[in-house]
Amino acid sequence: MHHYIIMGPQGSGKGTQARRLAADLGIVAISMGEILRGHMANNSPIGQRIRHHMETGQLVTDEIVDQVITDRLRQPDVAKGFVLDGFPRTPGQAEFFLTHHRLDAAILLEVSEETLRKRILGRRLCDGCGKDFNVYFRPPKVEDVCDLCGGKLSARTDDTPEGIRQRLSDYRSKTQPVVDMLRQKGLVLTIPAESHPDEVHKQVLRSIGVE
Ligand SMILES: [Zn+2]
């Protein structure tokens, strides 16, 4: 059984790394964001509570998050293990999790603010075929034109540099206490995540003693 948490800010490649790790180990990648959106889409009683929090700009409470993660980890597909993405977000959620589940490691993806900014602001998406580019890391041969279909490329984000800075600073202030708590228990593996996703994936596997 493999029980992992993956942590990192938006643009750190956390979702990709969670899915690749889960695929390699034959376990399930669980995204808290997807679970919360799923509950809202079903408009279940808990989905309505989640929607209320989100629409009023509040964090979904620990009580709700703890309940949905408990329900999710009772499903049969987690029998061989899981990689959690987007949970725990607070020390309270981490405490709750650790009293009910064994954790092998929390994998922390570290990327500089400058790289995160370029990854997010540099994204361009083809209006024609959906292929994605990045003006800093994977630029098209001709500016704003898709290499594959000649379609027009558009920015896929309305993030501003200031918005990103704010979000990163929020992430750091909220997540740092969780990281500190898990680190004290010897559970944090820090992975430099600036390089190509294939390389990051290899380092993740090495860090947990697979491969
Ligand atoms: Zn295209």
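**Fold, sheets and local backbone features of the predicted chain**

For a chain of 211 residues, a compact globule would have a radius of gyration near 17 Å, and the 18 Å of this chain agrees with that. The radius is taken over C-alpha atoms, and the globule rule is 2.2 Å times the number of residues to the power 0.38. The model is predicted, so that local features need pLDDT of at least 70 and side-chain atom pairs count only at pLDDT 80 or more, while totals for chains, interfaces and linings use all residues. Residues are numbered from 1 along each chain as its sequence is written.

Taken along the principal axes, the C-alpha atoms fill a box of roughly 55 × 45 × 35 Å. The chain has 8 helices and 8 strands; these are DSSP runs numbered from the N terminus, with helices (H or I) of at least four residues and strands (E) of at least two. Of the 211 residues, 25% are buried. A residue is buried if 20 or more other C-beta atoms lie within 10 Å of its own, exposed if 12 or fewer do, and partly exposed in between, with C-beta atoms placed from the backbone. Among contacts with a separation of 6 or more, 67% are between residues 24 or more positions apart; two residues are in contact if their C-beta atoms, placed from the backbone, lie within 7 Å.

Strands of a sheet pair through backbone hydrogen bonds, either parallel or antiparallel. Here, two strands pair if DSSP finds at least two bridges between them. An open sheet of 5 strands has the order β2-β3-β1-β4-β8, with parallel pairing. β2 (28-31) and β8 (188-192) each have a single partner strand, so one side of each is left without a neighbour in the sheet. From one strand to the next, the twist averages 25°. Strand β1 (residues 2-7) pairs with β3 in the parallel sense over 5 bridges, and H3 has F82 in β3 as its bridge partner. Helix α8 (residues 197-207) packs on this sheet, touching β4 (105-110) and β8, and its direction makes about 155° with that of β8. Axes are lines fitted to C-alpha atoms, for helices over the stretch in contact, and angles run from 0 to 180 degrees between N-to-C directions.

A second open sheet consists of 3 strands in the order β6-β5-β7, with antiparallel pairing. Its edge strands are β6 and β7, each of which pairs on one side only, and the twist averages 35° from one strand to the next. Strand β5 (residues 123-126) is joined to β6 by 3 bridges, the two running antiparallel; R123 has N134 in β6 as its bridge partner.

The largest nonpolar core has 34 residues, of which I6, V83, I107 and I191 touch the most other members. Such a core is a set of buried Ala, Val, Leu, Ile, Met, Phe, Trp, Tyr and Cys residues joined through C-beta atoms within 7 Å. Not counting residues up to four places away in sequence, I6 touches K14, Q17, A18, V83, L84, D85 and I107.

A193 is found in the loop between β8 and α8 and counts as buried, because it has 25 C-beta neighbours inside 10 Å. With residues up to four places away in sequence left out, A193 touches G8, S12, G13, L109, E110, V111 and V200. A193 and S12 are 181 residues apart in sequence but 6.8 Å apart in space, C-alpha to C-alpha.

The axes of helix α4 (residues 62-72) and α5 come within 10 Å and cross at roughly 30°. The crossing is right-handed, a crossing being left-handed if the near helix is turned anticlockwise from the far one by less than a right angle, and right-handed if clockwise. Here D62, V65 and D66 in α4 meet G92, Q93 and F96 in α5.

Most residues other than glycine have a negative phi, and most peptide bonds are trans. The peptide bond from F87 to P88 is cis, with omega near -5°, and P88 lies in the loop between β3 (81-85) and α5 (91-100). N43, in the loop between α2 (32-42) and α3 (45-55), has a positive phi near 55°. N43 is exposed, with 10 other C-beta atoms within 10 Å. D144, in the loop between β6 (132-134) and β7 (153-155), has a positive phi of about 65°. D144 is partly exposed, with 14 other C-beta atoms within 10 Å.
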